[in-house]
Amino acid sequence: MNPTQHFSIRSAKGGYDHNFSYLVTCLETGEQCLIDPALPPETFDKYISSALTKIIITHTHGDHIAYLNAYQDMNPQPKIICHPLGKDKFQSFKIHPVQNEEKVTIGNLAFKILHTPGHYPDSICILLENILFTGDTLFVGRTGRVVSSGSNIQDLYHSVYDTILNLPQETIIYPGHDYGDKSTISLDENIKISPLLQAIDENDFISKMNTYEQNR
Ligand SMILES: [Fe+2]
């Protein structure tokens with residue numbers, strides 16, 4: 001952690017398939033949020049507290065919300081932040097659906113929500129200063145996949161190329177799974193190592209993506 005920062009990020013890896021959960025703490029107020037309850041609360045041991053007020057869901061695939069019930073047992077109960085397309089999965093919980101470009105505050109921290117459909121319709125990325133939590137939309141070394149029902153290659157192209165890659169190139173991504181040769185990476189470095197981020201246009205991306213999925 002950089003001592004000059006006013007937030008900390010603790011990541012934990014495990015769950016269904018090298019999933020990441022991230023615990024973000026505002027160091028000025030102590031307030032916390034969790035991004036994706038893919039691992040149980042005990043994973044964060046002494047770092048998690050009753051100041052965990054919000055749980056942000058990058059998308060509603062089962063592995064990313066696997067331990068939601070355990071976090072809902074905490075007191076006070078954290079509020080669930082998700083895209084409106086995913087809200088029906090959380091009917092019995094306290095939820096706050098968020099639209100594209102909506103701001104979410106955790107203590108003195110301001111997160112910006114970006115709707116990034118493609119891997120899944122309710123996928124969002126979460127921007128905190130120069131850090132982007134990308135869920136399954138973008139990993140180290142490649143984009144997310146488009147093989148689940150609800151996936152859409154064109155949507156993924158626009159989410160990745162028009163939304164994410166328009167952010168400052170030094171933005172660091174924190175993905176939903178540990179699929180690369182390191183856990184985080186800057187956008188400009190990721191473009192260099194990822195053929196799926198080197199498409200010249202939408203048709204080229206669709207062709208590259210189809211080839212990638214056929215060869216898996
Ligand atoms: Fe997913």
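**Chatting through a predicted model**

Colleague: Where does Asp-36 lie?

Modeller: Asp-36 is in the loop that runs between strand E3 (32-35) and E4.

Colleague: And what is phi for Asp-36?

Modeller: About 65 degrees, a positive value, although Asp-36 is not a glycine. His-18 also has a positive phi without being a glycine, in its case near 50 degrees.

Colleague: Where is His-18, then?

Modeller: His-18 sits in the loop between strand E1 (7-14) and strand E2 (19-26). With a relative accessible area of 44%, His-18 counts as partly exposed.

Colleague: What touches Asp-178, leaving out residues up to four places away in sequence?

Modeller: His-18 does, along with Lys-13, Phe-20 and Ser-183. With Lys-13 there is a polar contact of 2.7 Å between the two side chains. Asp-178 itself lies in the loop between E13 and strand E14 (185-186).

Colleague: Changing topic to the metal. Which residues coordinate the iron ion?

Modeller: His-59 through NE2, His-61 through ND1, His-119 through NE2 and Asp-136 through OD, at 2.2 Å. Along the sequence, these donor residues follow the spacing H-x1-H-x57-H-x16-D.

Colleague: Which parts do His-59 and His-119 tie together?

Modeller: His-59 belongs to the loop between strand E4 (52-56) and helix H1 (68-72), whereas His-119 is in the loop between strand E8 (109-115) and E9, so the pair links parts that lie 60 residues apart in sequence.

Colleague: Are those two, His-59 and His-119, buried or exposed?

Modeller: Both His-59 and His-119 are buried.

Colleague: Why is the arrangement around the iron ion irregular?

Modeller: Because the angles subtended by the 4 donor atoms run from 88 to 176 degrees. A tetrahedral call would need all angles to fall between 85 and 135 degrees.

Colleague: OK, on to packing. Which residues have the most contacts inside the largest nonpolar core?

Modeller: Leu-132, Tyr-161, Ile-164, Leu-187, Phe-205 and Met-209, in a core of 24 residues. Strand E9 (124-128), helix H2 (153-164) and H4 each put at least two residues into this core, and H2 gives the most, with 6 residues.

Colleague: What does Phe-205 touch, not counting residues up to four places away in sequence?

Modeller: Thr-143, Ile-153, Leu-156, Tyr-157, Tyr-161, Leu-196 and Ala-199. There is also a second, separate core of 21 residues, which includes Cys-33, Ile-126, Ile-131 and Phe-133.

Colleague: Back to H4: which residues are buried in it?

Modeller: Asp-204, Phe-205, Ile-206, Met-209 and Glu-213. The buried residues of H4 pack against strand E12 (142-143) and H2.

Colleague: What caps the N-terminal end of H4?

Modeller: Asp-201 does, with a side-chain oxygen 3.3 Å from the backbone nitrogen of Asn-203. The helix length agrees with expectation too, because the 13 residues of H4 should span 18 Å at 1.5 Å a residue and the end C-alpha atoms are 18 Å apart.

Colleague: And Ser-194, where is that found?

Modeller: Ser-194 is in the loop between helix H3 (187-193) and helix H4 (202-214). Ser-194 counts as buried because its relative accessibility is 0%. Its side chain reaches the backbone oxygen of Asn-190 at 2.6 Å. Setting aside neighbours within four places in sequence, Ser-194 contacts Gly-141 and Arg-142.

Colleague: One more residue: which strand is the place of Tyr-174?

Modeller: Strand E13, residues 172-175. Tyr-174 has 18% relative accessibility, so it counts as buried. Beyond neighbours within four places in sequence, its contacts are Ile-9, Tyr-22, Ile-131, Leu-132, Phe-133, Thr-134, Gly-135 and Thr-184.

Colleague: Last one. Which residues does a cis peptide bond join?

Modeller: Asn-75 and Pro-76, where omega is about 0 degrees. To find Pro-76, look in the loop between H1 and strand E5 (79-82).

Conventions: Residues numbered from 1 in each chain as written. Predicted model: local features only at pLDDT ≥ 70, side-chain atom pairs only at ≥ 80, totals over all residues. Heavy atoms only, no water. Helix = DSSP H or I, 4+ residues; strand = E, 2+ residues; numbered from the N terminus. Buried < 20%, exposed > 50% of the residue type's maximum accessible area, 1.4 Å probe, protein only. Polar contact = N/O pair within 3.5 Å; in protein donor to acceptor, adjacent residues only side chain to side chain. Contact = heavy atoms within 4.5 Å. Core = buried A, V, L, I, M, F, W, Y, C linked by side-chain atoms within 4.5 Å. Donors = N, O, S within 2.8 Å, 3.2 Å for Na, K, Ca; no water. Tetrahedral: all angles 85-135°; square planar, octahedral: opposite > 155°, others 65-115°. Expected span 1.5 Å × (residues − 1).
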